[in-house]
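Please look through the structure shown here before reading on.

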Amino acid sequence: MSRIVYVNGDYVPEEEARVSVFDRGFLFADGVYEVTSVLDGKLIDFEGHATRLKRSLDELGMAAPVTTDELLAIHRELLDRNELVEGTIYLQITRGSEGDRDFVFPNPDEVPSTLVLFTQAKSIANSPAAAKGVKIISVPDLRWSRRDIKTVQLLYPSMGKMMAMAAGKDDAWMIEDAHVTEGTSNNAYIVKDGKIVTRHLSNEILHGITRAAVLRFAREAQMEVEERAFTIDEAKSADEAFITSASAFVMPVVEIDETPLGDGAPGPVATRLREIYLDESMKSAI
Ligand code: PDD
């Protein structure tokens, strides 16, 4: 069975899905996206993703092509049609195509935005990487300054992952003024003396939906949380570290720039938070 994708109102086999070569997402990376995880055929934190999507669109003056209820219906239809039990749904909205290349934004009343969604089947709850943890390198953060908007400008994060692969590692954390901003496609955390430290929200990082849930669950479990910037040196001398995202949930980090953390195995705080996150997020999955 061919994967069914959604393009501007139609559900079509992926081979038949088309957008214009003049689409501003293609020409200018003028688009925003969301990745929502699916467990047991249900959407994890759909409301959080829908709220952040609305904010990204508003920040860029882009029109929402459908309502949140319609968006939920499309997600559900796509899950059904692809019989997706576990994995992710990728959603992208671009400022559409006016049939030519022009830096100036087109009039949204004349040029509709492009809406595309597709599913990705993968095992995320029982990921082998979570059992052994991931190794990371640090790279300078060379992205633009509005990282709070979830745009499709992902060339530098992609380059960061390639630098990690070239070094024989799994991923990269990005550094600005000696402080860690975030991972290439995830938020970054360290744990020292039982306290969880993660960068505070600002334009410098993406406001992770998994981050918000994990910090809430950690506080509910009486774990101490501090939201502030931390240096890469502080990270290397931490007891443990981890990352969070919709596609990795809570993933232990066991090595930073060749320095093993603790005994080089996933730490107890990250391991416990992963379990709590999986349990709690399933309770509110829709
Ligand atoms: N990435 N920071 C960055 C730069 C990200 O790209 C992501 C998500 C996150 C975590 O956000 P959330 O918890 O809402 O997934 C943080 C997605 C998964 C991706 O690009 O595939």
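Strand E1 (residues 4-7) and strand E2 run antiparallel and are joined by 4 bridges, where strands count as paired if DSSP finds at least two bridges between them, and where strands (E, at least two residues) and helices (H or I, at least four) are DSSP runs numbered from the N terminus. Within this pair, Val 5 stands opposite Val 12 in E2. Helix H3 (residues 68-82) packs on the sheet, where it touches E1, E2, strand E3 (31-39), E4, strand E5 (87-94) and strand E6 (114-121), and its direction makes about 40° with that of E6; contact here means heavy atoms within 4.5 Å, and the angle, on a scale from 0 to 180 degrees, is taken between N-to-C directions of lines fitted to C-alpha atoms, for helices over the stretch in contact.

This is a predicted model, in which local features need pLDDT of at least 70 and side-chain atom pairs count only at pLDDT 80 or more, while totals for chains, interfaces and linings use all residues. Residues are numbered from 1 along each chain as its sequence is written, and side-chain values use heavy atoms, with hydrogens and water left out.

The open sheet has 6 strands in the order E2-E1-E6-E5-E3-E4, with antiparallel pairing. Its edge strands, each pairing on one side only, are E2 (10-13) and E4 (42-43).

From E7 the chain crosses through helix H5 (residues 155-166) to E8 in a right-handed β-α-β crossover, a term meaning that, with the strands pointing away from the viewer, the path from the first strand over the helix to the second runs clockwise.

Asp 30 lies in the loop between helix H1 (24-28) and E3. Is Asp 30 buried or exposed? Asp 30 counts as buried because its relative accessible area is 8%, the cut-offs being under 20% for buried, over 50% for exposed and partly exposed in between, with a 1.4 Å probe and protein chains only. Beyond its neighbours within four places in sequence, Asp 30 is in contact with residues including Met 62, Thr 94 and Phe 105.

Ala 241 has its place in strand E13 (residues 240-245), and this residue is also buried, at 1% relative accessibility.
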